[in-house]
Amino acid sequence: MPSYTVTVATGSQWFAGTDDYIYLSLVGSAGCSEKHLLDKPFYNDFERGAVDSYDVTVDEELGDIQLVKIEKRKYWLHDDWYLKYITLKTPCGDYIEFPCYRWITGEGEIVLRDGRAKLACDDQIHILKQHRRKELETRQKQYRWMEWNPGFPLSIDAKYHKDLPRDIQFDSEKGVDFVLNYSKAMENLFINRFMHMFQSSWSDFADFEKIFVKISNTISERVMKHWQEDLMFGYQFLNGCNPVMIQRCTKLPEKFPVTTEMVECSLERNLTLEQEIEQGNIFIVDFELLDGIDANKTDPCTLQFLAAPICLLYKNLANKIVPIAIQLNQVPGDENPIFLPSDAKYDWLLAKIWVRSSDFHVHQTITHLLRTHLVSEVFGIAMYRQLPAVHPIFKLLVAHVRFTIAINTKAREQLICEYGLFDKANATGGGGHVQMVQRAMQDLTYTSLCFPEAIKARGMDSTEDIPYYFYRDDGLLVWEAINTFTAEVVGIYYKSDQVVAEDQELQDFVKDVYVYGMRGKKTSGFPKSIKTREKLSEYLTVVIFTASAQHAAVNFGQLFLGMYPEEHFIEKPVKEAMARFRKNLAAIVSVIAERNKNKKLPYYYLSPDRIPNSVAI
């Protein structure tokens with residue numbers, strides 16, 4: 001009778017093992033086996049991190065193995081089990097891999113296909129087509145869209161983290177890590193001890209030092225020492241945590257009536273302001289988004305305020321960017337003066353503080369929350385709803401949406417909800433942050449997520465004219481490496497543009513993102529469908545770059561880009577493409593490390609060895 005060797009790998013995360021009964025049956029082209037209990041005498045099977053092997057003998061020839069069914073039945077109490085993969089050694093000596101990387105909960109069953117990625121057009125056998133269809137039908141019941149707030153991208157239909165499908169919840173250790181990191185951040189910022197400072201006026205700059213006394217690294221220490229200086233203020237717009245606001249000024253807006261006479265003491269080339277603009281030496285940052293946003297009123301005893309400033313910056317003869325004029329609100333007038341470096345020391349410093357405060361609000365709510373977390377959640381939900389696990393695009397993207405839905409659900413539960421941390425500590429709390437996202441959705445376009453296009457749109461693409469914009473330089477290197485990799489993977493599975501256009505599952509994925517993520521808005525520029533391999537590569541690059549590199553640049557990260565510990569792909573060509581991807585990323589690491597040598601203020605946030613795969617890792 002034919003005999004198979006079955007190897008079962010259990011996950012290494014907390015509580016991944018199980019004491020439940022595990023049954024296996026094999027489905028082949030010539031028949032289906034009986035259920036076999038996988039159990040070795042006097043042995044504790046399926047322990048956390050274990051790789052166990054079993055001999056399974058069947059009554060008759062099964063033909064080519066198409067599916068493996070794994071069934072879990074209760075032994076004592078309900079005991080979830082995390083199955084990494086199964087490998088099968090056939091009677092002929094061939095090995096077949098069945099990736100899983102999923103939880104089996106309760107008395108559940110999982111049906112696995114072998115690890116070869118397949119498009120729907122590749123499946124000609126009825127049972128495989130049926131498996132593909134049933135998987136998506138089940139997922140679409142589990143992963144439902146929900147409107148958390150009007151005007152937001154739709155999110156997962158789950159009020160609490162515990163309501164999420166088990167496969168996308170934090171692992172127990174990741175959940176604990178989230179809580180510990182949250183507590184540690186509060187401790188580092190002395191939030192609990194100094195919470196009264198957020199609900200009252202601060203009277204001394206020394207209060208900042210009391211809060212940040214525990215933070216210690218090269219960059220934060222240097223910023224703390226030089227934060228009042230114009231050079232540091234300008235540098236942060238290029239390479240700080242929100243390097244996406246600054247743009248080249250091609251024409252001074254009428255609402256910001258700065259004249260040559262006002263700023264001539266800051267201009268070093270003996271040119272008029274208009275001439276400096278023509279030569280490309282003037283830059284602008286406009287926080288118009290904040291105009292009219294309601295300030296936090298959750299504490300009736302405390303008045304909080306928001307500004308919507310405009311800041312003009314100048315590239316001096318040393319090619320450094322420095323501020324030369326600040327207007328704190330959008331409408332010019334006697335009540336809204338333009339502040340200058342020539343003003344009294346603390347007038348100018350306070351104007352810069354208001355700009356930095358506005359930058360913080362836009363960074364946290366728009367650059368970070370909306371444009372990395374919420375966008376990545378949209379890609380993740382659409383992926384789970386429309387792409388089966390056997391699809392090559394699912395295999396490519398799954399690592400880049402890992403825990404994204406979980407961390408966003410936690411945020412809606414604890415941080416940005418009513419009475420959450422935003423309400424306690426931010427001037428945009430109490431609803432202002434919601435208004436900001438609703439307003440910023442008007443500018444959330446597909447093109448703005450394409451890194452090279454976004455840089456060019458702000459006029460910040462010239463490395464010769466703007467030599468110290470490391471966010472741009474490193475980002476372009478990483479974008480190109482990701483795009484090269486996605487193009488390779490696309491080329492392996494899609495032999496022509498026609499195959500792309502006819503892949504209905506892919507088109508449904510793209511349509512889900514457009515209809516639910518972008519709320520079906522034509523002005524978003526998000527594609528409703530994708531017809532070519534080149535456009536597909538670009539789209540996948542947007543997904544991966546947004547979740548990994550862009551998030552790292554505006555959040556500063558900790559699995560890193562190019563590392564895929566869950567082996568969803570088994571094909572040699574893809575593994576070779578991954579190896580080339582890692583090699584390209586390693587070269588970028590070397591370039592960045594060499595540039596950072598001896599720099600007093602190194603920029604390493606987009607070094608691939610510091611870019612997590614997803615927004616939640």
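Q: Which residues are linked in a network of salt bridges?
A: Side chains of opposite charge can pair when their charged atoms come close. In this predicted model, a network of salt bridges joins Lys 35, Glu 71, Arg 73 and Glu 107.

Q: How many salt bridges does the count come to?
A: The count comes to 30 salt bridges. One of them pairs Lys 255 with Asp 286, and their closest N and O atoms are 2.8 Å apart. This pair links distant parts of the chain, 31 residues apart: Lys 255 sits in the loop between strand S12 (247–248) and helix H7 (260–263), while Asp 286 belongs to strand S13. Lys 255 is partly exposed at 21% relative accessibility, and Asp 286 is partly exposed with a relative accessible area of 21%.

Q: Is Arg 472, the salt-bridge partner of Asp 473, buried or exposed?
A: Buried means under 20% relative accessible area. Arg 472 has 0%, so it is buried. Its partner Asp 473, with closest N and O atoms 2.8 Å away, counts as partly exposed at 21%. Another salt bridge joins Asp 474 and Arg 595, at 2.7 Å from N to O. Here Asp 474 is buried, with a relative accessible area of 2%, whereas Arg 595 is partly exposed at 22%.

Q: What do the charges look like over the whole protein chain?
A: There are 70 positive and 82 negative side chains, and the centres of the two sets lie 1 Å apart. Locally, a patch of negative charge is found on the surface, where Glu 34, Asp 59, Glu 60 and Glu 61 gather. Glu 34 is in the loop between strand S3 (31–32) and strand S4 (36–37). With a relative accessible area of 57%, over the 50% cut-off, Glu 34 is exposed.

Q: Which residues make the nonpolar surface patch?
A: Tyr 21, Leu 37, Tyr 75, Trp 76 and Leu 77 make a patch of about 610 Å². Leu 37 lies in strand S4 and counts as partly exposed at 40% relative accessibility.

Q: Which residue in the loop between S4 and strand S5 (51–57) has a positive phi?
A: Most residues other than glycine have a negative phi. Phe 46 is not a glycine, yet its phi is positive, about 60 degrees. This residue is in the loop between S4 and strand S5 and counts as buried at 1% relative accessibility. Asn 319, also not a glycine, has a positive phi of about 65 degrees. Asn 319 is placed in the loop between strand S14 (310–315) and strand S15 (321–327), and is partly exposed with a relative accessible area of 29%.

Q: How many helices and strands does the protein chain have, and why is it said to be as compact as a globular protein of that length?
A: The protein chain has 20 helices and 16 strands. Its radius of gyration is 27 Å, close to the 25 Å given by the globule rule for 617 residues, so the chain is as compact as a globular protein of that length. The C-alpha atoms fill a box of roughly 95 × 55 × 45 Å along the principal axes. Of the 617 residues, 52% count as buried. Ile 284 in strand S13 (residues 282–286) is buried at 8% relative accessibility.

Conventions: Residues are numbered from 1 along each chain as its sequence is written. This is a predicted model: local features need pLDDT of at least 70, side-chain atom pairs count only at pLDDT 80 or more; totals for chains, interfaces and linings use all residues. Side-chain values use heavy atoms; hydrogens and water are left out. Helices (H or I, at least four residues) and strands (E, at least two) are DSSP runs, numbered from the N terminus. The radius of gyration is taken over C-alpha atoms; the globule rule is 2.2 Å times the number of residues to the power 0.38. Buried means under 20% relative accessible area, exposed over 50%, partly exposed in between (1.4 Å probe, protein chains only). Lys and Arg count as positive and Asp and Glu as negative; His and the chain ends are not counted. The place of a charge is taken as NZ of Lys, CZ of Arg, CG of Asp or CD of Glu. Patches are made of residues with over 30% relative accessible area and no salt bridge: like charges are joined within 9 Å, nonpolar side chains (Val, Leu, Ile, Met, Phe, Trp, Tyr) within 5 Å. Accessible areas come from the Shrake-Rupley method with a 1.4 Å probe; for residues, only the protein chains shown count as cover. A salt bridge is a side-chain nitrogen of Lys or Arg within 4 Å of a carboxyl oxygen of Asp or Glu.
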